[in-house]
Amino acid sequence: MSNAMDAKLENHDAAILLEQAARLDAADPLARYRALFIGTDTNLSYLDGNSLGRPLKRTPRDISTFIEEGWGGRLIRGWDEEWLDLPQAIGDQLGRAVLGAAPGQTVIADSTTVVLYKLIRAALATVADPARAEIVLDTDNFPTDRYLVEGIAREEGLTLRWIEADPASGVSVEQVRDATGPATAVVLLSHVAYRSGFLADLPGITEAAHSAGALVVWDLCHSAGSVELDLDGADVDFAAGCTYKYLNGGPGSPAFAYVNRRHLPGLQQPIWGWMGRKDAFEMAAGYEAAPGIRSFLSGTPAIFGMLAIRGTLDLIEEAGMAAIREKSLKLTAYAVQLYEAWLAPTGVELASPRDPALRGSHITLDHPAFRNVTAALWEQDVIPDFRAPHGIRVGLSPLSTSFAELFRGMAAIRDQLHR
Ligand SMILES: Cc1ncc(COP(=O)(O)O)c(C=O)c1O
C-alpha cells in the first residue's frame, strides 16, 4: 500500500474514533460533573488523576470560607465546635459514599504510609498468636507497602512470604490460598495494582485469608472513588487509602483508615498520642485509648488537608459509585480501543488486563521510548505518568475525564512515538 493510502486510511480511522469520543461524551450521564473541576475548559489532557486528582471549583471557596470564618473567626474555639470531630465525620461520609462501611469504622488521618504501618501493627496485635509469624505480600505491591512490611518484620522478628505477582496482572485468590496457612498472621495487598491497574478479587481473597485464620489489610489507594467497594459486606479487617487521587483532596491530603468494628474493642495501634486518648484535653497521666475508631488517631488532625475531600464526597453521593464505575469501565475500554488502533501496531504493549472486569481505572502501556515520550508530552500539556522501567500509565478519573480528552492524549502519545 502506498504511503498516501496509508495516511488516508489512518485519517479515516482517526475520524471514526473521534466521532466515537463525541458520541460517548454525549451519552455520558456523568458528563456535567467535568465542568465542576478547575482546568477542564482547556485543551490540556490530564491522564493522571490516579496520582493527583484535579481540584474542584468549589475548593478555593471552601478553603477561603474556612480561613475567613472558621480559622479566622472562631479561632481556637473551632476545635471544640467542629474540627476535632472532622476526622470521624468525613470518615463516616467516606464510608457511606465510597467504602461500603457503616459509621464508626473510618477516620481521616496521617499519610497512607503511616496509616498502613499502624494498621499492620494493629492487625498483628489482634492476631496475637506467636505461632503465626508470617506476613504475606506480593512483589509488585506499591513500594511503601513493601518497605513498611520489611521494617515491621525486622521490628517484630517476623518472616515475609512473598507472592510473585505478574506485573501485567496481579494477585489471584489461588495464590493467596497457596501462600497462607497456620503460620500466617496478616495478608497485605493492593485492591487495584498501582502499575497494571489489575483489580484483585477483594471478597475472594479476604475469604481465603480468613479461612487460613489470617487477617487482611487492603491498600485501597487506587480503588477509593473509582471502583465500588463493600468493605462491611466482604468482612474486610483493615483498609487504608489516599484521598489525593480519585477523591481530589489535593497534594499530600491525609489518608483514611478503616477498621472493621469487630476489631475495634481493644484495638492496639502503635502510635499512642494525645488525640487517640480518652478525654484528650484532660492531659492526664498514662495512655488510655479512646473508645472506637477515635483511638486510631495519634496527633492533631490536618484540618486544611481534609477540606477538599468533602466536595468530592458530595459529588460521589449524588452520582453514586455504580455510575462512576460504569463510566470508568467505558473509559478504560475506549483507551484500550485507541491503543489497539494506534499503538499496538508500533510495538507498544498493554501491561494491563484485557478483561474490563479485571481493571481499575487506569491502564499501563509499555514501550522502551516512553520515558522520553512522557517528558515530551508534559511539555505539550498532555499529562499521563511514567512508571519505571518503561510504562506510561493512563489514569482516568470518571468524574473529570472526558472521552475527547482521552482521545487527545492517546493521539499525542501516538504522534510522539512516530516522531
Ligand atoms: C497504592 C499506593 N499505596 C501507598 C501509597 C503511598 O501513599 P502516601 O504517600 O500517602 O503515604 C501510594 C501513593 O501513591 C499508592 O499509590
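Predicted model: local features only at pLDDT ≥ 70, side-chain atom pairs only at ≥ 80, totals over all residues.

Student: What is the phi of A128?
Tutor: A128 has a positive phi of about 45°, although A128 is not a glycine.

Student: And which peptide bond is cis, with what omega?
Tutor: The bond from A388 to P389 is cis, and its omega is near 5°. P389 is found in the loop that runs between β12 (385-387) and β13 (391-395).

Student: Now the ligand. Which residues surround it?
Tutor: The ligand is surrounded by S111, T112, T113, F142, T144, D145, D219, C221, H222, Y244 and K245.

Student: How far is a nitrogen atom of the ligand from the side chain of D219?
Tutor: A nitrogen atom of the ligand is 2.7 Å from an N or O atom in the side chain of D219. An oxygen atom of the ligand is 2.9 Å from an N or O atom in the side chain of K245, and for the side chain of H222 the distance from a ligand oxygen to an N or O atom is 3.2 Å. These are polar contacts, that is, pairs of N or O atoms within 3.5 Å.

Student: How much of the ligand does the protein bury?
Tutor: Taken alone the ligand exposes 390 Å², and the protein buries 84% of that. Such areas come from the Shrake-Rupley method with a 1.4 Å probe.

Student: Changing topic, what volume does the largest pocket have?
Tutor: The largest pocket has a volume of about 250 Å³. On a 1 Å grid over the protein atoms alone, a pocket is an open set of points with protein on both sides within 12 Å along at least five of seven lines, a cavity is a set where a 1.4 Å probe fits but cannot get out, and lining residues have an atom within 4 Å of a point. Grid points are joined across faces, edges and corners, and a volume is the space filled by probe spheres set on the points.

Student: Which residues lie nearest the centre of that largest pocket?
Tutor: H191, A200, D201, L202 and P203 lie nearest its centre, out of 17 lining residues. The lining of the largest pocket divides into 11 nonpolar, 2 polar and 4 charged residues.

Student: How many cavities of 30 Å³ or more does a search find?
Tutor: A search of the whole structure finds 2 cavities of that kind. The largest cavity has a volume of about 120 Å³, and D138, G170, V171, S190 and A193 are nearest the centre among its 17 lining residues. About 50 Å³ of space lies in the second largest cavity, whose lining has 4 nonpolar, 4 polar and no charged residues.

Student: Last one: how many salt bridges are there?
Tutor: The count comes to 24 salt bridges, each being a side-chain nitrogen of Lys or Arg within 4 Å of a carboxyl oxygen of Asp or Glu. One of them joins the side chains of R58 and D62 at 2.7 Å, N to O.

Student: How far apart are R58 and D62 in helix α2?
Tutor: R58 and D62 are 4 residues apart in helix α2, so about one helical turn separates them.

Conventions:
Residues numbered from 1 in each chain as written. Heavy atoms only, no water. Nonpolar A, V, L, I, M, F, W, Y, C, P; charged D, E, K, R; others polar. Near = heavy atom within 4 Å. Polar contact = N/O pair within 3.5 Å; in protein donor to acceptor, adjacent residues only side chain to side chain. Helix = DSSP H or I, 4+ residues; strand = E, 2+ residues; numbered from the N terminus.
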